[in-house]
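Here are some short notes for a first look at this entry. Please read them with the structure open.

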Amino acid sequence: MQTGTPERNTAHGRQARLILGFALLFVALLGFAFWNIVAGSTALSIPEVFDGLLNAQSPHRVIVMDVRMVRILPAILLGGALALSGFLLQTFFSNPIAGPFILGISSGAKLVLSVTMIAFLSRGVAVGSIALILASFAGAMLSMGFVLAISAKVKRMSMLIICGVMIGYICSAITEFVIRFADDSNIVKLHDWAMGSFAGLKWDNVLVIAAVVLPALVLTFLMSKPIGAYQLGEVYARNMGVNIRAFRIALILLSGVLSACVTAFAGPISFVGVAVPHLMRRLFKTAKPIVMIPACFLGGAVFCLFCDLIARTAFAPNELSISSVTAVFGAPIVILVMLRRQKEGSR
Amino acid sequence: MNGTYYISAEQMTVGYDGKPLIENINIQVKRGEILTLIGPNGSGKSTILKSMIKELKLIAGTVVLDGRDMANLKERDIAKKLAIVMTERIKAELLTCRDIAATGRYPYTGHLGLLTKEDRAIVDAALETVHAKDFADRPFSAISDGQRQRVLLARAIAQQPEIIVLDEPTSFLDVKHKLELLDILKSMVREQNVAVIVSLHELDLAQKISDRVVCVAHNRIDRCDTPENIFTDAYIAGLYGIEKGGYNALFGSAELPAVTGEPRVFVIGGGGSGIPVYRFLQRAGIPFAAGVLQQNDVDYPVSQALAVETVTVPAFAAIDDDAAARAKKLIDGCKAVVCTAQIGETNRQNGQLSEYAGEKRTDAAALFDAVREGRL
């Protein structure tokens, strides 16, 4: 990036940066997680938090575990999933501003989810976690199909983004339309969810999230070698021995599952998928997937913990939607990235 | 009979989106051999190469690599045998040149792609070979096009292939690095018995390195032969559609078309001394005649291409009165006469021609001044 200053990337310097970077991310993760437990409408002291965490009989157990932790863990898992999904999409489209939200994939998931939820709820049937994910995944793939069809036709990266945003708008409009037809009792729940929030999840949801996101993370990490090859472009990747067809399908499915899982449980969350991979590239000064994959996951987790903390506490007792907070911090990063590109392009 | 060929395209039809561009291509390369594709822009050289490396689907025919149909080979197995250097730009953000070269080790590394000590040594050696060690740790995006090309070659070398396919690898290189790159290819062919398929724009280079040459033009394989048979004035001129005499097979160079009209300057050249004057007059757009040259003179092919008329005598023959008479006739029609030749035994008559010119006689420097000031 900083082509003006030819810096020496020695093996030592790289290793030090790696260790420092991950240390920073872990400290930030624990720090924000802890802050999230402490802060809230009922403020807890540090001993109270540890009591609640470790002692099942503690009077603080409910608030620590069933109010705070049940929100923190999804924020970590889903935040990581979002950032990872963004990284995969950026690699896939070799487009630095791709992400599940911007390409309309989250909105597609939201649309199919809304239809499914209304169909279930109007019959008085509760929607299970698995059904939520499946519906969301179907929607994500639907949008992805459109985006892929467009990307085969247009090569300009800005066009792809514009088309993605349009798909997002169309899906959101239809979702609004669908929600209008829902029963009153459903509207409130749907509306909250459609704005994006980590609130209202239960422990069994958390388990399902972990059961989906963690294996996807491991699979993605195992694909870091072909992902690295693909960064050089399809031609060279094939010459390195990557089966391009299988690889592309795997990448699409993984990024789809990750963003579908997020949308299913927390609604559409904007800009995390675009912004976090960039922050991580800046932090680690590398684009190597073997570093970027864990880094993006941790970075996304930290970013979402931070944003959720603000969403909960900034205007307490009123909560902000998580998407509005992530947008405030994420959008400027995207703008910076685009400006930098512009500058590099004109040079 | 395929046993001896390392890669062979048989009855291959190539093109885009199922539309055939070139049909029935047969290309074979042995190990230890350089096959060069030449031909005008847009003739389909890249298409052929892309089809042979499986980037483009074949419309018909097969490509056999090391005795096996490439269609049935796994990518990874192909990667251990075949390396490429293509023209596609690599968007390599935050990757150093060493990182790029190291991707050549991909087919050999384990599941996570971590490099062993041995891999690193191979990458280092490859960077050394292409003289890229100095900038190995700089970002790939921050180096020049020529340096990038060398890093990509290092990548291909690190892949330890048995065949390298290169699409116009010399396009961005300066003269020194062009020669260096081709020299590296030559030594890989000699020392490691690698097969090379390369497309080149530079005919002089193609002539120098190729064992066999494939000419692609007018949507077909025009010829496939040894460089001696391909690089003849008439054939190359026809292949590229340049005017007759415009291409010189001996020098492997092409000349701009001659200025036509009544000759205004007569250049008495010889031994290479005439060429700078011919070129100057050609650039200035002044028609000229040249003479008297023996047909084995270095000046001869250039004057043939650039002069309106050249008075010649056979190789090693002394200039006779007949040639002198023809030269005098031309001198009579010219405004200026320049003699750049050294006068010796066989071209004594040239000295007399210079005398004959009298007032019109001038030297090269004075002629250049006169032309620049518009006095001619």
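Which residues in helix 12 of chain B meet which residues in helix 13 of chain B?

1. Start with that pair; note that the model is predicted. From helix 12 of chain B come Ala324(B), Ala327(B), Lys328(B) and Ile331(B). They meet Gln349(B), Leu353(B), Tyr356(B) and Ala357(B) of helix 13 of chain B. By class, this contact has six nonpolar, one polar and one charged residues.

2. Now the geometry. Helix 12 of chain B spans residues 321–333, and helix 13 of chain B spans residues 348–357. Their axes are 11 Å apart and pack at an angle of about 25 degrees. The two helices are therefore roughly parallel, because angles under 35 degrees count as such. Helix 12 of chain B passes helix 13 of chain B in a right-handed crossing.

3. Next, Val277(B). This residue lies in helix 10 of chain B, residues 275–284. Is Val277(B) buried or exposed? Val277(B) has 24 C-beta neighbours inside 10 Å, so it counts as buried; the cut-off is 20 or more. Beyond its neighbours within four places in sequence, Val277(B) is in contact with Val267(B), Gly269(B), Val338(B), Thr340(B) and Ala364(B). Gly32(B) is 245 residues from Val277(B) along the chain, and their C-alpha atoms are separated by 43 Å.

4. Last, the contact between the chains. Chain A gives 26 residues and chain B gives 28 residues. On the side of chain A, helix 9 (224–230) and helix 10 (234–239) are the elements that give two or more residues. Helix 9 of chain A has the largest share, four residues. By class, the side of chain A that touches chain B has 10 nonpolar, 11 polar and five charged residues.

Conventions:
Residues are numbered from 1 along each chain as its sequence is written. Chains are lettered from A and ligands numbered from 1 in the order in which they are written. This is a predicted model: local features need pLDDT of at least 70, side-chain atom pairs count only at pLDDT 80 or more; totals for chains, interfaces and linings use all residues. Two residues are in contact if their C-beta atoms, placed from the backbone, lie within 7 Å. Ala, Val, Leu, Ile, Met, Phe, Trp, Tyr, Cys and Pro count as nonpolar, Asp, Glu, Lys and Arg as charged, and the others, Gly among them, as polar. A residue is buried if 20 or more other C-beta atoms lie within 10 Å of its own, exposed if 12 or fewer, and partly exposed in between; C-beta atoms are placed from the backbone. Axes are lines fitted to C-alpha atoms, for helices over the stretch in contact, and angles run from 0 to 180 degrees between N-to-C directions. Angles under 35 degrees count as roughly parallel, over 145 as roughly antiparallel, 65 to 115 as roughly perpendicular and the rest as oblique. A crossing is left-handed if the near helix is turned anticlockwise from the far one by less than a right angle, and right-handed if clockwise.
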